[in-house]
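Biologist: Could you bring up the model, and then take me through it step by step?

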Amino acid sequence: MELLNYMEKYKNIDLYSYFSQLTKEDVKRAISSRKPSIIDYLTLLSPIAGDFLEEMAQRAHTISLQNFGKSVLLYTPLYLSNYCVNLCSYCSFHSRNKIKRKKLNMDEIETEAKEISALGLKHILILTGESRKETPVEYIIEAVEVLKKYFDSISIEVYPLKEDEYARLIEVGVDGLTIYQEVYDEKVYNKVHIAGPKKEYSFRLEAPERACRAKIRGVNIGALLGLNDWRKEAFMTGVHADYLQNKYPEVEVSVSLPRIRPHVGMVSNYDVVEDKNLVQIMLATRIFLPRAGITISTRERKELRDNLVGLGVTKMSAGVSTEVGGHSSTEKTESQFDISDTRTVAEMKQMLLSKGYQPILKDWMHI
Ligand code: SF4
């Protein structure tokens, strides 16, 4: 079934009338289910399941050990450019914000690559704002050619591309795509994406699948938590991830759980997603999608990140800057958002080791 039809089946479920009928027994059944269904997943996101976080944590811990052992992959983002033609209400890079714009040239990219790889990291995630003019596919290809001298794995978080463009990037060495739908609810999506090509909801929604068809190794999807009711957004993220896993079993599907962070030009009327809500989403995701990667970024405080190790998280960013050229340049630009956990790669490694976990810097290679 095509993605849009598949999502359509679930998007109009009245979640709260379903939640109102749930009993504690339903939650317990969903937690212990050997093969949870999408409806079990919804049950695990319910208000009543919020009283079972301890039981969910135990189950999530067991599933994590069975599928990933005691390991967490570390990576860092590298911002190549903050030029953007979109007007997203939640991001400081948006086109009408009067911030200093910058795009790294190839020498600057190489300098950043040297700085980052000296920390031992082998996985990198490159980011740009959405500007086909300033950062066309050719620019990204050139950047990848530079970066692959230093990194074994290169993921991109850029504007949605066409299938043949993903294929070109994969051919030069890109192995992962991160693209957040931001909001699965179309009405809210339309409201927060005020202007620019990002208004095209379906073109963005279908981007991970286009990359899967182009034979990418891994895709990472997610909703920006805080833009809409988190239960609805977490549910549709899980539905999307499940669709991709079933249709493209050869692709490593991951889910990120980013919460909105303070940024330049921030407005304050966001849906609150408390720590315990984030934990519930992560545990429900781990139980529903045992093999999926789960990323918790430095948007979260270090105490919370530390407590999530062992409960489902498989990837964590470290030594993060959300400024263009922020790893090596002394010339400051605006950050995309403020980070919370400012620990270095060495400190993150130490934290994982102290918990008996192995920090992974490289888990596969191009041959
Ligand atoms: S979220 Fe992305 S597309 Fe939107 S303004 Fe920020 S950089 Fe541009």
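Biologist: Let's start with Phe93: is it buried or exposed?

Modeller: Phe93 has a relative accessible area of 3%, so it is buried; the word means under 20%, while over 50% is exposed and anything in between is partly exposed, using a 1.4 Å probe and protein chains only. Please keep in mind that this is a predicted model, in which local features need pLDDT of at least 70 and side-chain atom pairs count only at pLDDT 80 or more, whereas totals for chains, interfaces and linings use all residues. Residues are numbered from 1 along each chain as its sequence is written, and side-chain values use heavy atoms, with hydrogens and water left out.

Biologist: OK, and how many aromatic pairs does the structure hold?

Modeller: There are nine of them, where rings of Phe, Tyr and Trp (its six-membered ring) pair if their centres lie within 6.5 Å, and planes under 30 degrees apart count as stacked, over 60 as edge-to-face and the rest as tilted. One of these pairs is Tyr41 with Phe288, which is stacked because the ring centres are 4.6 Å apart and the planes are at 15°.

Biologist: Where in the chain do those two sit?

Modeller: Tyr41 is in helix α4 (residues 38–44) and Phe288 in helix α13 (residues 275–288), so the pair links distant parts of the chain, 247 residues apart; helices (H or I, at least four residues) and strands (E, at least two) are DSSP runs, numbered from the N terminus. Tyr41 is buried at 1% relative accessibility, and Phe288 is buried at 6%.

Biologist: And what does Phe93 pair with?

Modeller: Phe93 pairs with Tyr79 in an edge-to-face arrangement, with 6.0 Å from centre to centre and 85° between the planes. Tyr79 belongs to strand β1 (residues 71–81) and Phe93 to the loop between β2 (87–88) and α6 (106–117), so this pair ties together parts that are 14 residues apart in sequence. Tyr79 is also buried, at 4% relative accessibility.

Biologist: Which residues do ring pairs link into a cluster?

Modeller: That cluster is made of Tyr6, Tyr10, Tyr41, Phe235, Tyr243 and Phe288.

Biologist: Switching to helix α1, which of its residues are buried?

Modeller: In helix α1 (residues 3–11) they are Leu3, Tyr6, Met7 and Tyr10. Seen down the axis, these buried residues fall within an arc of 95°, so they line one face of the helix; the arc is that of the directions from the helix axis to the C-beta atoms.

Biologist: What covers them?

Modeller: The cover includes α4, α10 (201–205), α11 (207–213) and α12 (230–247), judged by contact, meaning heavy atoms within 4.5 Å.

Biologist: New topic: how many salt bridges does the structure hold?

Modeller: It holds 25, each being a side-chain nitrogen of Lys or Arg within 4 Å of a carboxyl oxygen of Asp or Glu. One of them joins Glu209 and Lys247, whose closest N and O atoms are 3.0 Å apart. Glu209 lies in helix α11 and Lys247 in helix α12, so this bridge ties together parts that are 38 residues apart in sequence.

Biologist: Are both ends of it buried or partly exposed?

Modeller: The two ends need separate answers: Glu209 is buried, with a relative accessible area of 3%, while Lys247 counts as partly exposed at 36%. In another salt bridge, between Asp341 and Arg343, the closest N and O atoms are 2.7 Å apart, and both residues are buried.
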